[in-house]
Amino acid sequence: MSANWQSLRSRLPGSRWAVISVPYLWLLLFFAIPFLIALKISFAKFEMAMPPYSSLLNWEDGFLVLKLRLENYLYLVNDSLYVNAYLSSLKIAVIATGLCLLIGYPMAYVISRMEPATRNIALMLVVLPSWTSFLIRIYAWIGILKQNGLLNNFLLSIGVIDAPLKILYTPAAVYIGIVYAYLPFMVLPLYSNLVKLDRRLLEAAYDLGARPWRAFLAITLPLSKAGIIAGSMLVLIPVVGEFVIPEMLGGPDTLMIGRVLWQEFFNNRDWPVASAVAIVMLIILIVPILIFHKSQAKELEGRLA
Amino acid sequence: MASVDADAAGSNGTMVNSAANPPAPSPDRYLVIDTVRKEFDGFVAVDDVSLTIRKGEIFALLGASGCGKSTLLRCLAGFETPTAGRIELEGQSLIGLPPYERRINMMFQSYALFPHMTVEQNIAFGLKQDGMAKAAMRARVDEMLSLVQMNRFAKRKPHQLSGGQQQRVALARSLAKSPKMLLLDEPMGALDKKLRSQMQLELVNIIEKLGVTCVMVTHDQEEAMTMAHRIAIMEQGRIRQCAKPDEIYEQPNCRYTAGFIGSVNLFEGRIDKDEKDFVTIRTSAFPDPIYVAHGVTGFEGMEVAMALRPEKLRISKHEPDLKHNKAHGSIEDIAYFGSHSVYHVRLDGGCKVMCNFVNMKRWDSESFTWNDPVWVSWGDLEGVVLSS
């Protein structure tokens, strides 16, 4: 078996390289090149043309001139709409991440303590909604949250409220939508961390006089730090740029950068400003991405030790 | 004991008063395990075990894996609740007490040190749960670190320590709270052989210095014999024999313990002559009946087994000058251990016996070789007659 494999490998010297190159090719095609294009457009000027932006390189009086306009970036800094949109996006993302953590941690904890058979079913139930289109699932929330929707009708019929609540098109609806949509991204990394926790460490803590709650705070919680960071970053990073949920469930006053980006791009057709918005968002997100990678690397290191 | 307790509670009526004059438990009955039974979904892991353990004793539960020894230990620690039976420490029942309310600490198999805490934080963990003052805690941690000679490693994390060092930390952690009883779960399981024998003696010295009562679980008979004052041999949830190490070795009470501890030659047979001061046993292994120079409780014709340890057998080239207990055969296998050799001798009757030979002089082992015709013989009092 292994001899066959050896001979196969010697006959295909490039196979190793071919395997490694696939993810790099992916990153190049779908991340690096689009990023460079957006970066290029962000330095251009809006024009009523096709494509709707000026080119950076021009031939002027025998000179090849590269003009990097920073006006789009200056515009973002000077117009409070963009600054507010960034801050509001970050705020919503941080709060939603916190809510996901509060709901997801107990879920992941309980699932990790289940019998293997029930555990697989529970994990399945966490992932199952993702089999339906994201758009449809968010759309379904409109039916649940609207004035005469499922939730209001239910609350009215059991007599908890007298008049229907206004949830749809408020920030509450945005939070509900985000927490609902991103909860699996919190639960799964937390679960994979908690399921590895050595139960004997908890027994040792009980044995040394720690009550269950103290043992949780002193042992389980610190040892699941890597899972908490991974889950939080997996929620925080995409939520900052979220567009669909605030667009469908949020009111006109729900300001999120994803929405601003959409409006710049499709309504104003101002590609250069839209590109600058996207580039700045990416720069803001580099910090949590670095935190995420550091914690992943640390956990890998710990596992090897 | 129980009636005294009931009287005190009955006449005074309150728990506080009965605690004011507690029954003085005898040090011989420090820990009482009374018909403890533990079942898991119909499987009986511990089958009506009763034991009494003295104060200050090192007691070993010895058995093959799956014999129920660990389950019994977990019942003592409070991680399992017995299906039935009593466990009392100093006259106080432990049943229903969670582990964090028992003054019993355990050194876990492969130690279960907290990986995110330093050595001193690990040792301080138990003290912290009791709300001990900072200064006192500091002093106690230092004391424990000196006890196990780990002061230099106080700031290290567990993964930066060797197996032996981790064990020292685990021991210090489990002793820091001055427990009424120390439980050891396979204490040497994670150490290599050389370190093991060194740590066994060190561990015993520390435990005896502190005078803490200790119950250990092991599958390693050498470990149990070296460390424990008394050993209980468990098999299928039951205790087969409970005695001092030398008694277990020299006077096993059944075929199982005889075979489990050390190596043994077992000869099945029947009592031939049953006299007051001797018996003879007829076996298929030897042409003549085995002569035992003491009486046994039995009757003629009873099925018994004769247990003979290999080192009780003598091997010689010439016929020994004995009336009984000798047989002729030839050497079939030789296991050379350096200090001694074990010869597997095929007797003329077809049965194979193991026979130890101490290599007292250099090159002694060369005096016998394969297929040599030899005699094996043993003293009249060296065998043990087993009826169960």
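The largest nonpolar core of this predicted model has 81 residues, and those with the most contacts inside it are Ala172(B), Leu183(B) and Val215(B). Leaving aside its neighbours within four places in sequence, Leu183(B) is in contact with Leu73(B), Leu76(B), Ala77(B), Ile104(B), Met106(B) and Val215(B). Apart from this core lies another, of 55 residues, which includes Ile111(A), Phe185(A), Val187(A) and Ala226(A). In soluble globular proteins, nonpolar side chains tend to be buried together.

Chain B also holds an open sheet of four strands. The strand order is S2-S1-S4-S5, and the pairing is antiparallel. Strand S2 (43-53) and strand S5 (92-93) of chain B are the edge strands, each of them pairing on one side only. Within the sheet, strand S1 (residues 31-40) and strand S4 (residues 84-89) of chain B run antiparallel and are joined by five bridges. One of the residues to look for is Leu31(B), whose bridge partner in S4(B) is Leu89(B). In a regular strand the side chains alternate between the two faces of the sheet.

Chain B meets chain A in a contact that takes 16 residues from chain B and 16 residues from chain A. On the side of chain B that touches chain A, strand S6 (104-107) and helix H4 (119-129) of chain B each supply at least two residues. H4(B) gives the most to this side, with three residues. By type, the residues of the side of chain B that touches chain A are nine nonpolar, five polar and two charged.

Strand S1 (residues 57-60) and strand S2 (residues 63-66) of chain A run antiparallel, with four bridges between them. Glu60(A) has Phe63(A) as its bridge partner in S2(A). Two residues lie between S1(A) and S2(A) in this hairpin, and Asp61(A) in the turn has a positive phi of about 50 degrees.

Further along chain A, Val174(A) lies in helix H8 (residues 171-194). Is Val174(A) buried or exposed? Val174(A) counts as buried because it has 24 C-beta neighbours inside 10 Å, and the cut-off for a buried residue is 20 or more. Its contacts, leaving aside neighbours within four places in sequence, are Ile92(A), Ile245(A), Pro246(A), Leu249(A), Gly250(A) and Thr254(A). Ser130(A) is 44 residues from Val174(A) along the chain, and the C-alpha atoms of the two are separated by 18 Å.

Definitions and conventions: Residues are numbered from 1 along each chain as its sequence is written. Chains are lettered from A and ligands numbered from 1 in the order in which they are written. This is a predicted model: local features need pLDDT of at least 70, side-chain atom pairs count only at pLDDT 80 or more; totals for chains, interfaces and linings use all residues. A residue is buried if 20 or more other C-beta atoms lie within 10 Å of its own, exposed if 12 or fewer, and partly exposed in between; C-beta atoms are placed from the backbone. Two residues are in contact if their C-beta atoms, placed from the backbone, lie within 7 Å. Two strands pair if DSSP finds at least two bridges between them. Ala, Val, Leu, Ile, Met, Phe, Trp, Tyr, Cys and Pro count as nonpolar, Asp, Glu, Lys and Arg as charged, and the others, Gly among them, as polar. A nonpolar core is a set of buried Ala, Val, Leu, Ile, Met, Phe, Trp, Tyr and Cys residues joined through C-beta atoms within 7 Å.
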